[in-house]
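Here is a short briefing to read alongside the picture. Take a moment to look over the structure, then work through the points one topic at a time.

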Amino acid sequence: MAIEDDDKPRKKVSDEIGQDLSLLSVEELTERVVLLNTEIARLEEAATKKRASRDAADSFFKK
């Protein structure tokens, strides 16, 4: 029955802050860095858009 389990796609390990990294290969660590940098860029973009919306609303309501 273990053979059947080998046919199933592996579940991607989720990123956890503070996770033990000793079990990850160099390739996995590099991949994780790329993914996290992409996520950081996405978060920064969202924060910039929200800041612009808030500033526009503040400007509108202060007049």
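This is a predicted model: local features need pLDDT of at least 70, side-chain atom pairs count only at pLDDT 80 or more; totals for chains, interfaces and linings use all residues.

The protein chain has 2 helices and 0 strands, and buried residues make up 3% of its 63 residues.

**The chain as a whole**

- The protein chain exposes about 6,400 Å², and carbon and sulfur atoms supply 60% of that area.
- One of the 2 helices is helix α2, which covers residues 26-62.

**Salt bridges: E39 and R42**

- The count of salt bridges comes to 3.
- E39 forms a salt bridge with R42, and their closest N and O atoms are 2.7 Å apart.
- How far apart along helix α2 are E39 and R42? They are 3 residues apart, so about one helical turn separates them.
- E39 has a relative accessible area of 30%, so it is partly exposed.
- R42 has a relative accessibility of 51% and counts as exposed, because the cut-off for exposed is over 50%.

**Salt bridges: E45 and K49**

- K49 and E45 form a salt bridge as well, with 3.3 Å between the closest N and O atoms.
- Both K49 and E45 lie in helix α2, where they are 4 residues apart, about one turn of the helix.
- Is K49 exposed or buried? With a relative accessibility of 52%, K49 counts as exposed.

**Salt bridges: R54 and D55**

- D55 forms a salt bridge with R54, and here the closest N and O atoms are 4.0 Å apart.
- D55 counts as partly exposed at 43% relative accessibility.
- R54 counts as partly exposed too, at 48% relative accessibility.

**The aromatic pair**

- How many aromatic pairs does the structure hold? It holds 1 aromatic pair.
- That pair is formed by F60 and F61, whose ring centres are 5.1 Å apart.
- The planes of the F60 and F61 rings are 85 degrees apart, so the pair is edge-to-face, because planes over 60 degrees apart count as edge-to-face.
- Are F60 and F61 buried or exposed? Both F60 and F61 are exposed.

Key:
Residues are numbered from 1 along each chain as its sequence is written. Side-chain values use heavy atoms; hydrogens and water are left out. Buried means under 20% relative accessible area, exposed over 50%, partly exposed in between (1.4 Å probe, protein chains only). Accessible areas come from the Shrake-Rupley method with a 1.4 Å probe; for residues, only the protein chains shown count as cover. Rings of Phe, Tyr and Trp (its six-membered ring) pair if their centres lie within 6.5 Å; planes under 30 degrees apart count as stacked, over 60 as edge-to-face and the rest as tilted. A salt bridge is a side-chain nitrogen of Lys or Arg within 4 Å of a carboxyl oxygen of Asp or Glu.
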